[in-house]
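I opened this entry to look at how two chains meet and what is packed behind the contact surface. Notes follow in the order I looked things up.

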Amino acid sequence: MMESNVRYLWNWGLAFDEARLLKRLEDLAGKGWILDSISALRYRLRKGEPQALRYSMDYRKLKAGDEMEYLTVFAEAGWERVCSLQGIYFFCAAQDAVAIHTDQATKKEKYSGYKRGSFLAMVISALLFVVLFGLEQMNAFAFLGRSQNLVFPFLLAGTGAVFIPSCMMSMAYAKRMREIESEER
Amino acid sequence: MPRGKALDDNRLTDSMYYILLSLMEPLHGYGIKQKISDLSNGEIEIGPASLYTILKKLSARELIALVEEDGERRKTYQISASGRDLLKRDINRRIRMAEMGKKVLLGLQGGNDDGK
């Protein structure tokens, strides 16, 4: 059964649609749909008063005990934490608030960790793919008997399932960082 | 992870420069933002994500130090001795830059009768 005061937006991956998503959240807040929480798959919005809000997202890996300070710095600048999930923080503020990143260097740094991570995942999964394929050619899976026909494609599909998204993410983050570089401050 | 290309060459980015200037006295996050706003007559604004990133980076380089902790919520920072040295060097670098520009500006104004 659908609750009428709750709606969801699919999470298509922040690497690809951060700006579009934030804009959509702002439009929806204007119609009274306010971001409530985030999960790996979707964003949950609840019905409330229409508000003119500005949303921002920050990637931040914090050491234990540092979160309070981090959130206080934001709150004092008028940015309230809306929700967060594993190093992804959503903030909202009044429309006249100062942008969360006012510095090109720190804005670029926001993406550098994820860019490195996704690039690494891409390289490792590609190597794994090659190694698996090589082993198959050398008949190294023969000991599995007939079940190798099942195991081998499964392993290959697994590495592909990591390779393709990590490759796309890595390119998306690299593109984002190039865009920031060319932005005039 | 403190990875700042500018800092590696002992140069401060503009935001780092403003933050170090403000930390001649002990301040916490919001105080820094206010001080920079006051010093620049409201011209310079530092967003919270930039501020937090830079504070962590300057701390890691020991250019600023934590002076007191008001629980976990608020941390107060102040410039360190090595921070002062670097800041002095950077102020001088910026003065030289501005003086170079000034010479050219005077030339531009001299060549232009409508210049002030």
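Predicted model: local features only at pLDDT ≥ 70, side-chain atom pairs only at ≥ 80, totals over all residues.

**Interface first**

I began with salt bridges, and the rule finds 5 of them across the interface of chain B and chain A; the rule wants a side-chain nitrogen of Lys or Arg within 4 Å of a carboxyl oxygen of Asp or Glu.

Residues are numbered from 1 along each chain as its sequence is written, chains are lettered from A and ligands numbered from 1 in the order in which they are written, and side-chain values use heavy atoms, with hydrogens and water left out.

Next I checked polar contacts, and 14 residue pairs turn up across the interface of chain B and chain A, both residues at pLDDT 80 or more. Such a contact is a pair of N or O atoms within 3.5 Å; within protein, one must be able to donate a hydrogen and the other to accept it, and residues adjacent in sequence count only if both atoms are side-chain atoms.

Which elements of chain B give two or more residues to the side that touches chain A? I get helix 3 (29-39), helix 4 (48-60) and strand 3 (74-79); helices (H or I, at least four residues) and strands (E, at least two) are DSSP runs, numbered from the N terminus. Helix 4 of chain B gives the largest share, 9 residues.

For overall extent, I noted 25 residues of chain B in contact (heavy atoms within 4.5 Å) with 24 residues of chain A. The two chains bury about 2200 Å² between them, 53% of it on carbon and sulfur atoms; that is accessible area (1.4 Å probe) lost on being put together, summed over both.

**Cores**

The largest nonpolar core has 35 residues, and A:Trp79, B:Leu23 and B:Leu55 are among those with the most contacts inside it. A core here is a set of buried Ala, Val, Leu, Ile, Met, Phe, Trp, Tyr and Cys residues joined through side-chain atoms within 4.5 Å. Helix 4 of chain B again supplies the largest share, 6 residues.

I followed B:Leu23: beyond its neighbours within four places in sequence, its contacts include B:Ile32, B:Leu55 and B:Tyr77. Apart from that core lies another, of 27 residues, including A:Cys92 and A:Met177.

**A serine in a helix**

Is A:Ser112 buried or exposed? It is buried, at 10% relative accessible area; buried means under 20%, exposed over 50%, partly exposed in between (1.4 Å probe, protein chains only). A:Ser112 sits in helix 3 (residues 104-137) of chain A, and a polar atom of its side chain is 3.0 Å from the backbone oxygen of A:Glu109.
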